[in-house]
Amino acid sequence: MKLLSVVIPCYNSQDYMKSCIESLLPGGDSVEILIVNDGSSDKTADIANDYADKYPAIIKTIHQDNGGHGEAINAGIRHASGLYIKVVDSDDWVDVRAYIKVLTVLERFAMDKEPVDLLVSNFVYEKEGAKYKKIMKYENVLPENKWFTWDEIGRFRKGQYLMMHSLIYRTALLRECELELPKHTFYVDNLYVTTPLPYVKSIYYLNVDFYRYFIGRSDQSVNERIMINRIDQQLKVNKLMIEQINLKSIRNSKLRQYLFNHLEIVTMISTILLIRSNSKENLQKKQALWRFIKEYDLELYHHLRYGMMGQLLSLPGRIGRIISVGVYKITQKVVGFN
């Protein structure tokens, strides 16, 4: 068994996938790199095959018809042989020094009778053109360098969330919770983060800046214009989160609060994008989203609608929408997303 399986979903990634793969090679034979070619029409498949031929003990290629980011991750999970699993998008990369530290910790986990379920580390927003690089750290909320449970976590700040970039799951846990991400859908990373968390019993936080999250390509899925064009996929993920996160069934109050906060920010992003589009059709979709929440879970609706963020984004009329957009722009500056 490999120590770590790294899944690299690739779709027409010829221009940047090499940097991602090269950053992962220092893991050596303890790492399995799974390059998932998701129906690319450029030279992605050839590049993947060349790397697999050059490093047959480390790299495997999976070629499939286009199924979207989620299906590429699903394929990686199905084929993974590592004790742990990490998803690294093909336009991102990892810091080598932090990588070695991560593998050292995972080696210790592998010796335990009951390996830790989840390793958390930091990630860096590598935003093109930005002088200041925001780093998502968790030192204020998670105990460092020790095994802990949800009971021991602190309170996450607004804008401080666990993201796919910060998580390394125990592979068997993802199979136990039967994680299956939807096909042909962007923004499934929110499901990848939240769906397995109720199954996580043990956590370890390593305070290193491991993952480098690139933001800046004009065709990137988190580009605001593209997010608005793909708003139906954002709404699909938002509704799936509401259906899959059964807050009432989660006994641990700290985990329940974290999942609510994560669901809240995703719902608010959906709402503000619908407002930002400035189209009558999308304003109707905004009303439909909130109507869905109300009909599905009235208690959740009240918590979301009458919380501070919900009230700011529900101000009536054109002036209310202007205020909402202003709050969103301030949040962009503070948090650093999009």
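Modeller: What follows is a set of questions about labels and the values behind them.

Modeller: First the ground rules: this is a predicted model, where local features need pLDDT of at least 70, side-chain atom pairs count only at pLDDT 80 or more, and totals for chains, interfaces and linings use all residues. Residues are numbered from 1 along each chain as its sequence is written, and side-chain values use heavy atoms, with hydrogens and water left out.

Biologist: What makes Cys20 and Cys177 buried?

Modeller: Buried means under 20% relative accessible area, exposed means over 50%, and partly exposed is in between (1.4 Å probe, protein chains only). Cys20 has 0% relative accessibility, so it counts as buried. Cys177, at 8%, counts as buried too.

Biologist: What makes His184 stand out in its backbone, and where is it found?

Modeller: His184 has a positive phi of about 50° although it is not a glycine. Most residues other than glycine have a negative phi. His184 is found in the loop between α5 (171–176) and α6 (189–194); helices here are DSSP runs (H or I, at least four residues), strands are E runs of at least two, and both are numbered from the N terminus. Tyr187 is found in the loop between α5 and α6 as well, with a positive phi of about 70°.

Biologist: Are those two buried, partly exposed or exposed, and how do you know?

Modeller: His184 has a relative accessible area of 48%, so it is partly exposed. Tyr187 comes in at 6%, so it counts as buried.

Biologist: How do you know whether α9 has the span expected of it?

Modeller: The expected span is 1.5 Å times one less than the number of residues. Helix α9 (residues 253–276) has 24 residues and reaches 34 Å from its first C-alpha to its last, close to the 34 Å expected. Of those 24 residues, 18 are buried, which leaves α9 mostly covered.

Biologist: What makes Asn252 a cap for α9?

Modeller: A side-chain oxygen of Asn252 lies 3.0 Å from the backbone nitrogen of Lys254, at the N-terminal end of α9. A polar contact is a pair of N or O atoms within 3.5 Å; within protein, one must be able to donate a hydrogen and the other to accept it, and residues adjacent in sequence count only if both atoms are side-chain atoms. After α9 comes Asn278, with a positive phi near 60°.

Biologist: And what does the side chain of Gln234 contact?

Modeller: The side chain of Gln234 makes a polar contact with the side chain of Ser270, at 3.1 Å. Gln234 lies in helix α8 (residues 231–244), and its relative accessible area is 3%, so it is buried.

Biologist: Where is Lys137, and why is it called partly exposed?

Modeller: Lys137 is found in the loop between β7 (135–136) and β8 (147–148). Its relative accessible area is 28%, so it is partly exposed. The C-alpha atoms of Lys137 and Asn207 are separated by 7.3 Å, though the residues are 70 apart along the chain.
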